[in-house]
Amino acid sequence: MASLATPMALRVAVTLGLPDRLRDTDAAVDRLAEDLGVAPVPLGLLLAHLTSLGFFERTAAGYRTTEFGENLCGDSLTTVLLNLDTAGGRAELAFTELLHSVTTGQAGYDRRYGRGFWSDLAAHPPLRESFDRQMAHRLRAGVPHLATGYDWSRFATIVDIGGGPGTVLAGILAAHPPVRGRLVDLDVTMAVATFAAHELGDRASAAAGSFFDPLPAGADAYLLVDILHDWDDEHAHRILARCVEAAAPDGRIVVVEPVGGRQAATDADLAMLVIFGGRERRVEEFEALAAEHGLVLESVTDAGGRSVLEFRFG
Ligand SMILES: C[S@@+](CC[C@H](N)C(=O)[O-])C[C@H]1O[C@@H](n2cnc3c(N)ncnc32)[C@H](O)[C@@H]1O
């Protein structure tokens, strides 16, 4: 469990596209190395190790992907996270700075790459695009449950704060035709395309902006899906303060996350730490954060693999 050789070998194989390349036709190492522009002897070492683990098999001509190795083919969430060229795959390497994060409580990502995750995405549009695709992918199965497992139809207007690719808001609006939504994020390119694909017309709009700045005012609900776990308490307070400042007097702040002690996995908790300096909070931790803004917890509803925490003004 401790050696880094296999986790890194899998990542390099997926990044080079070896499982897909060797899925239907076997190939010799020299030929593969030439096609991929890599050194033949090290490529042979990589394939030999992954063959010893059953991902590839030797053939008369060279190597071929096994049935087990087909788990590494295509663009599942697993392969996206193994690909070092995607935002998610790149972020996983922040784990090399886990000691720094455990020692200081700070993100390892910033130390490894010289700037924070969101700044990095802003500087590399292909990374941003891969991240939005990952975000859409991870909730593909969960959005219908999220859209119907909680009563969104009570709200005339919802502002989705840090709504990313727009898949959550589009799912909610599609399931509840009277509701209107507005999405705010640093980059809304994919959200605009998502809303158009769902033919939501003027019921959905997106605006580029930061949730550390004033938000669209007067909405009935301010939605934060997987936002607060990306931030330490100081930043989480700043985000909540912007929501509270913008909300209508009887408005709601709705936090949707894998909650500590409920859905959150311990490895995801460590990932939030090393990538963002954040964590998966428990219900009582959210209550304590919200209380400082005059908010009380109204309800907790489990839907779509997450908890929906509804806060109202006390
Ligand atoms: C984990 S993603 C969640 C996206 C979306 N809520 C979802 O569940 O699919 C976090 C989002 O926060 C956005 N974000 C980060 N910093 C932001 C800021 N200062 N202002 C607005 N959005 C921000 C990112 O761009 C990203 O889309």
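Student: Is Arg182 buried or exposed, or does it count as something in between?

Tutor: Before the answer, please note that this is a predicted model, in which local features need pLDDT of at least 70 and side-chain atom pairs count only at pLDDT 80 or more, while totals for chains, interfaces and linings use all residues. Residues are numbered from 1 along each chain as its sequence is written. A residue is called buried if 20 or more other C-beta atoms, placed from the backbone, lie within 10 Å of its own, exposed if 12 or fewer do, and partly exposed in between. Arg182 counts as partly exposed because it has 19 C-beta neighbours inside 10 Å. Over the protein chain, buried residues make up 40% of the 314 residues.

Student: In which element is Arg182 found, and which residues does it contact?

Tutor: Helices (H or I, at least four residues) and strands (E, at least two) are DSSP runs, numbered from the N terminus. The protein chain has 16 helices and 9 strands, and Arg182 is found in strand E4, residues 180–185. Two residues are in contact if their C-beta atoms, placed from the backbone, lie within 7 Å. Leaving aside neighbours within four places in sequence, Arg182 is in contact with Val159, Ser205, Ala207 and Pro216.

Student: What does distance along the chain tell me about distance in space?

Tutor: Compare two pairs, always from C-alpha to C-alpha. Arg182 and Thr96 are 86 residues apart in sequence and 38 Å apart in space, whereas Cys73 and Val14 are 59 residues apart in sequence and 7.9 Å apart in space. Cys73 lies in the loop between strand E2 (63–65) and helix H5, and, not counting residues up to four places away in sequence, Cys73 touches Pro19, Asp20, Arg23 and Thr65. Glu70 is placed in the loop between E2 and H5, where its contacts, with neighbours within four places left aside, are Pro19, Arg23 and Thr65. For the protein chain, residues 24 or more positions apart account for 61% of the contacts with a separation of 6 or more.

Student: Which residues of the largest nonpolar core touch the most other members?

Tutor: In soluble globular proteins, nonpolar side chains tend to be buried together. A nonpolar core is a set of buried Ala, Val, Leu, Ile, Met, Phe, Trp, Tyr and Cys residues joined through C-beta atoms within 7 Å. Here the largest core holds 50 residues, and those that touch the most other members are Ile158, Ile161, Tyr222, Leu223, Leu224, Cys243 and Ile253. Cys243 touches Ile161, Leu215, Tyr222 and Ile253, with residues up to four places away in sequence not counted.

Student: How do I read a helix such as H10, and which of its residues are buried?

Tutor: The expected span of a helix is 1.5 Å times one less than its number of residues. Helix H10 (residues 125–138) has 14 residues and reaches 20 Å from its first C-alpha to its last, close to the 20 Å expected. Its buried residues are Leu127, Ser130, Phe131, Asp132, Gln134 and Met135, and what covers them includes helices H5 (77–82), H6 (87–92), H9 (117–123) and H13.

Student: Where do Glu199 and Asp226, with their positive phi values, lie?

Tutor: Most residues other than glycine have a negative phi, and most peptide bonds are trans. Glu199, however, has a positive phi of about 50°, and its place is in the loop between helix H13 (189–197) and strand E5 (204–208). Glu199 is exposed, because 10 other C-beta atoms lie within 10 Å. Asp226, with phi near 55°, lies in the loop between strand E6 (221–225) and helix H14 (233–246). Asp226 is partly exposed, because 19 other C-beta atoms lie within 10 Å.

Student: How many residues surround the ligand, and which are the closest?

Tutor: A residue is near a molecule if its C-beta atom, placed from the backbone, lies within 6 Å of it. The ligand is surrounded by 18 residues, the closest being Gly162, Gly164, Ser210, Phe211 and Val225.
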